[in-house]
Structure formats: C-alpha cells, structure tokens
Amino acid sequence: MSGSSQSLQRLATLAFVSASSYVLYRQCLFSVDAGHRVILFNKFKGIEPNIYAEGIHFKTPFITKVIDFDVRTQVFTQKHEIVSTDQVEVDIKYRILYRPNVDKLPQLYMALGTQYAQMVIPALVTEISNEMVLGLEARSLLVDRKDIGKKFQEKLTQRAETFHIVVDDLAIVDLVFDDEYVKKLEDRQALVAKHLKK
C-alpha cells in the first residue's frame, strides 16, 4: 500500500472517529440555560422524576429526550367581553404574570405538556370573569377595579395551583365601555363641572 493511500486511510479513520465522538458527545450531554429547567423522557420508563437546573448534565444516549421549560415569570394578556347587570357592554383586558411550579414539572408535563399556559389560563380567566364580573354594575368596575383585580387574582391563584401553575400577579389593565355608557359619563362630568363653576 502506498504512503498516500495510508495517509488517506488514516485521515478517513480520524474523520470517522471525530464524527462519532461528536455525535456521542451530543447524545450524552445536554445544557440547561439560565431561567430554564429540564426534565427527561426515557423511551422505556417515560418521564423521569429528576429536574435539572442550569449547567451541563449527562443523559443516556439515544434513549432519553430533553424537555425544556422556561421557568421565568411570563406575561399573558386576555380580553373578555361581558354585559354588566345594568346592561352595559364592557371589554376587560387582563394581564397575568405566571410561571410553572418548578417542583412539579414532571406532573405538569404529563398532564398538559409544554403549552400548559395556552391550555389552562384562558379557560380559567373566562370562568372566573363570568363568576365575578357578570354580577356587577358598570360603575362598580370603575370604582372598585383594584379590589376586583385582587379578588380575581386570589381565585385564579388557587385554581391555577391545581394545574401546577404559579400566578404572581393579575391586573385589570383596560376597561372599555360601550359608547352609550361613555356618553352618559361624559354628560354627567360636564354637568358636574358646570355646577362647580357656578
């Protein structure tokens, strides 16, 4: 065998070993970014109970799949249309700050997957909004907005916990009333302002 053939064979062997080592390295190790947590799915055992924090970790090659969760507080906004007890149409916009319960990630994944927020939060917000806000007059929504938001957060926090979701905050960020009600408010304000000028 000539020297050039041997060199080519050595080069091909080296390339194969390097490629194999890289594939094996990629299959054996995984990294977790800051603000994230990882759980592993084992093809034979299912979801493993361990939760992995930031850093580089080992896994069984070709058998385990990495499932990544962003565990930082995230924002979810939702609009909900209601008709108050005094027949005023109101568009309410809620802002919810939430995150997954880190200690319950395996259970959360098995129940809802990684798209848990989209599956749970809109339904809970609609349900609680119907419960709390539908029985109020439009004026109460204006005057007691902060208290309503606080009570809403308490209810949402309790219900979200059963799905392993932590609610850090809820706020009513916008209230839009129908044109007729807005005109009544403007007329009333104009009347008060006129009375005060006298």
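Predicted model: local features only at pLDDT ≥ 70, side-chain atom pairs only at ≥ 80, totals over all residues.
Aromatic rings come first. A search of the whole structure gives 5 aromatic pairs. One of them joins F30 and Y52 in an edge-to-face arrangement, with 5.3 Å between the ring centres and 90° between the planes. F30 belongs to strand β1 (residues 29-32), while Y52 sits in the loop between β3 (46-47) and β4 (55-58), so this pair ties together parts that are 22 residues apart in sequence. F30 has a relative accessible area of 7% and Y52 has one of 16%. Both F30 and Y52 count as buried because the cut-off for that word is under 20%.

Another edge-to-face pair is made by Y98 and Y116, with centres 6.2 Å apart and planes at 80°. This pair links distant parts of the chain: Y98 is in strand β7 (residues 89-100) and Y116 is in helix α3 (residues 116-132), 18 residues apart. Y98 is buried at 6% relative accessibility, and Y116 is buried at 4%. Y98 and Y116 also belong to one aromatic cluster, together with F69 and Y109.

Charged side chains are the next topic. The count of salt bridges comes to 7. In one of them, D70 pairs with R72, and the closest N and O atoms are 2.8 Å apart. D70 is partly exposed at 22% relative accessibility, and R72 is partly exposed at 44%.

R99 is partly exposed at 28% relative accessibility, as is D168 at 31%.

E131 and K155 form a salt bridge with their closest N and O atoms 3.1 Å apart. E131 lies in helix α3 and K155 in helix α5 (residues 145-161), so the bridge ties together parts that are 24 residues apart in sequence. E131 is partly exposed, with a relative accessible area of 41%, and K155 is partly exposed at 32%. E131 and K155 are members of a network of salt bridges that also includes E127 and R159.

Technical notes
Residues numbered from 1 in each chain as written. Heavy atoms only, no water. Phe/Tyr/Trp six-rings, centres within 6.5 Å; stacked < 30°, edge-to-face > 60°. Helix = DSSP H or I, 4+ residues; strand = E, 2+ residues; numbered from the N terminus. Buried < 20%, exposed > 50% of the residue type's maximum accessible area, 1.4 Å probe, protein only. Salt bridge = Lys/Arg side-chain N within 4 Å of Asp/Glu carboxyl O.
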